[in-house]
Amino acid sequence: MAAGIRAPEPRVLVCLGALLARWGAAGLEAVVIGEVHENITLHCGNISGPRGLVTWYRNDSEPVFLLSSNSSLLPAEPRFSLANASSLHIEALSLLDEGNYTCREDLNETRWFQVWLQVASGPYEVEVTISSTGTLPNGTLYAAQGSQVDFSCSSSSWPSPMVEWWFQAPDSRSEPFGNNLTVSCFALLLMSTNLQGNYTCSAMNMLSGRHRKVTTELLVYYPPPSAPQCWAEMSPGSFKLQLTCRWDGGYPDPDFLWTEEPGGVVVGSSKLGVEMLNQSQLSDGKKFKCVGSHIVGPESGASCMVQIRSPSLLLSEPMKTCFIGGNVTLTCQVSGAYPSAKILWLRNLTQPETVIQPNSHYLITQNGQSSTLTIHNCSQDLDEGYYVCRAENPVGVRKVDIWLSVKEPLNIGGIVGTIVSLLLLGLAIISGLMLYYSPVFCWKVGNTFRGQDMDDVMVLVDSEEEDVEEEEDAAEVEEEEANEREEVPKEIHKHGHIHRVTALVNGNVDQMSNGLQALQDDSSEQQSDIVQEDDRPV
């Protein structure tokens with residue numbers, strides 16, 4: 001019986017093969033699209049009402065029997081079944097199921113219906129690859145500014161999908177990358193900060209209309225353009241040393257490492273670049289080095305160094321004076337301190353010294369490393385004494401004492417009168433000395449005022465130094481000269497010396513010259529006479 005059942009099949013298939021060439025004119029054509037792993041139903045024509053005997057075939061190189069409404073014919077595979085007495089239901093589609101299917105219906109006549117089944121797969125597992133980048137611990141990709149970055153997108157799909165790239169910058173909407181870029185790979189030759197954002201690869205199966213997309217965030221990093229800067233300062237609210245390191249201008253923020261130099265002992269590391277040190281860790285002249293490192297280089301990083309110093313010198317006036325009721329300003333200047341010193345004014349009245357607080361009586365100002373203390377309305381009982389200027393930083397302390405004297409105001413009128421009196425007294429003394437030691441000068445000055453009837457007079461005096469101790473001999477010489485007063489020119493013996501006087505009267509130079517020559521001749525003769533007189537016995 002089984003053999004009887006199978007016998008007609010070769011004849012049916014032969015007849016079917018002969019009739020397949022006319023399938024387009026014999027029935028209605030339909031296109032059905034299914035997806036892998038899904039179920040699909042192929043309808044035998046678009047006919048309603050009673051149906052006849054229906055048989056389904058697969059059109060490969062030759063027709064292949066699949067299923068018949070004749071219950072005596074078994075389906076080719078268990079996943080083929082008849083739905084609604086005429087439709088072919090296929091379970092778990094695979095790509096091998098794609099092809100042409102033919103339905104034969106025998107009712108009053110034989111009709112043929114062909115169905116074209118297309119099977120789509122994917123897209124599955126869309127993968128985006130971005131090269132020349134690094135990966136953060138959270139999986140985010142980054143690239144260095146100015147570098148070349150390659151993009152590629154792949155997926156498992158049948159038929160091959162259409163790939164589109166989309167870009168979304170921060171705080172903006174997504175838009176196609178380039179001119180509706182539909183290639184699976186491309187390259188950006190010079191990355192810049194405006195290319196930072198989300199890159200989306202969209203793969204669409206044009207057959208099934210199914211699409212998938214993958215979005216990848218790409219950050220663009222760049223190191224700071226300049227060298228790091230570091231400094232030391234007193235911590236606000238405490239007496240600790242605060243080390244601060246800054247390396248601005250890069251993205252993201254760099255990491256900082258503080259070390260002691262020399263030796264490289266690690267003080268601390270952080271993203272902020274700030275470290276706090278106790279006084280026990282400090283000493284005058286110690287150096288601290290900050291090394292900044294960035295994720296995109298340079299590999300060795302960049303560094304700066306600070307050296308801390310205690311206040312080395314305080315400049316001030318050791319003594320100041322204030323008049324009662326007046327104002328006085330004490331000045332104190334610090335040098336050599338790093339970090340900058342805090343300057344305090346203290347009153348050295350008690351132990352410990354009392355810090356002076358600014359009020360209406362005391363005004364304290366500080367400009368950089370210079371501080372002033374102004375005392376208003378000085379009082380001898382309250383303000384006289386020692387004041388202390390103290391400069392301190394976490395490295396050391398230095399102080400200096402200043403003595404303030406408070407006195408009564410000076411009598412300015414009395415001082416001026418005293419000065420004038422002293423000047424007049426000095427002038428009188430000088431005048432007396434001039435009169436005593438220079439009578440000739442005074443005589444000449446007097447003659448200058450009195451000589452209204454006198455003509456021009458020139459007096460030539462030739463003398464040698466006088467001996468003060470021989471004043472007693474001068475009287476004897478004057479007696480001898482009394483006998484010779486009628487002679488011209490006159491000779492004056494004084495203290496054993498000869499004085500010759502020649503007068504120029506009315507400006508007659510020639511007479512003066514002749515008279516001088518005659519005087520010289522007479523003088524020679526008189527000298528010989530004096531010698532002869534000396535030779536005579538007394």
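**A conversation about strands, loops and one buried asparagine**

Visitor: Where is N393 found?

Guide: N393 belongs to strand β31, which covers residues 385–393. Please keep in mind that this is a predicted model.

Visitor: Is N393 buried or exposed?

Guide: N393 counts as buried because its relative accessibility is 0%, and the cut-off for buried is under 20% relative accessible area.

Visitor: What does the side chain of N393 reach?

Guide: The side chain of N393 reaches the backbone nitrogen of G396, at 3.0 Å.

Visitor: And which residues does N393 touch, leaving out those up to four places away in sequence?

Guide: With those set aside, N393 touches M234, F239, R309, S310, P311, A337, Y338, P339, S340 and A341.

Visitor: M234 was in that list. What stands opposite M234?

Guide: M234 stands opposite L241, a residue of β18. Strand β18 spans residues 241–246 and pairs with β17 in the antiparallel sense, over six bridges.

Visitor: Which sheet has β17 and β18 in its order?

Guide: They belong to an open sheet of three strands, with the order β17-β18-β21 and antiparallel pairing. Its edge strands are β17 (229–234) and β21 (274–277), each of which pairs on one side only. From one strand to the next, the twist averages 20°.

Visitor: Which way do side chains point in a strand?

Guide: In a regular strand, side chains alternate between the two faces of the sheet.

Visitor: What is the order of the other open sheet of three strands?

Guide: That open sheet has the order β2-β6-β5, also with antiparallel pairing. Strands β2 (40–42) and β5 lie at its edges, each pairing on one side only. Here the twist averages 30° from one strand to the next.

Visitor: How many bridges join β5 to β6?

Guide: Four bridges join these antiparallel strands.

Visitor: What lies between β5 and β6?

Guide: A loop lies between β5 (80–83) and β6 (87–90), and N84 has its place there. N84 is not a glycine, yet it has a positive phi of about 55°.

Visitor: Is N84 buried or exposed?

Guide: N84 is exposed, because its relative accessible area is 66% and the cut-off for exposed is over 50%.

Visitor: What about S132, what is its phi?

Guide: Phi of S132 is near 60°, a positive value in a residue other than glycine. S132 sits in the loop between β8 and β9 (134–135).

Visitor: Which strand pairs with β8 over six bridges?

Guide: Strand β11, residues 149–158, pairs with β8 in the antiparallel sense over those six bridges. Within this pairing, I130 has F151 of β11 as its bridge partner. Strand β11 is also joined by four bridges to β14 (residues 185–188), and these two run antiparallel. There, S152 stands opposite C185 in β14.

Visitor: Let us step back. How many helices and strands does the protein have?

Guide: Its secondary structure comes to eight helices and 35 strands.

Visitor: And how much of the protein do buried residues make up?

Guide: Buried residues make up 32% of the 538 residues. The protein exposes about 33,300 Å², of which carbon and sulfur atoms supply 53%.

Visitor: What share of the contacts comes from residues 24 or more positions apart?

Guide: Among contacts with a separation of 6 or more, such residues account for 61%.

Visitor: One last topic: what is the mean pLDDT?

Guide: The mean pLDDT of the protein is 80, and 75% of its residues reach 70 or more. Over residues 483–513, however, the pLDDT is below 50, and this stretch has 57 contacts in the model beyond near neighbours in sequence. For residues 526–538 the pLDDT also stays under 50, and the model has five contacts for them beyond four places in sequence.

Definitions and conventions. Residues are numbered from 1 along each chain as its sequence is written. Side-chain values use heavy atoms; hydrogens and water are left out. Two strands pair if DSSP finds at least two bridges between them. Axes are lines fitted to C-alpha atoms, for helices over the stretch in contact, and angles run from 0 to 180 degrees between N-to-C directions. Buried means under 20% relative accessible area, exposed over 50%, partly exposed in between (1.4 Å probe, protein chains only). A polar contact is a pair of N or O atoms within 3.5 Å; within protein, one must be able to donate a hydrogen and the other to accept it, and residues adjacent in sequence count only if both atoms are side-chain atoms. Contact means heavy atoms within 4.5 Å. Accessible areas come from the Shrake-Rupley method with a 1.4 Å probe; for residues, only the protein chains shown count as cover. pLDDT is the predictor's confidence in each residue, from 0 to 100.
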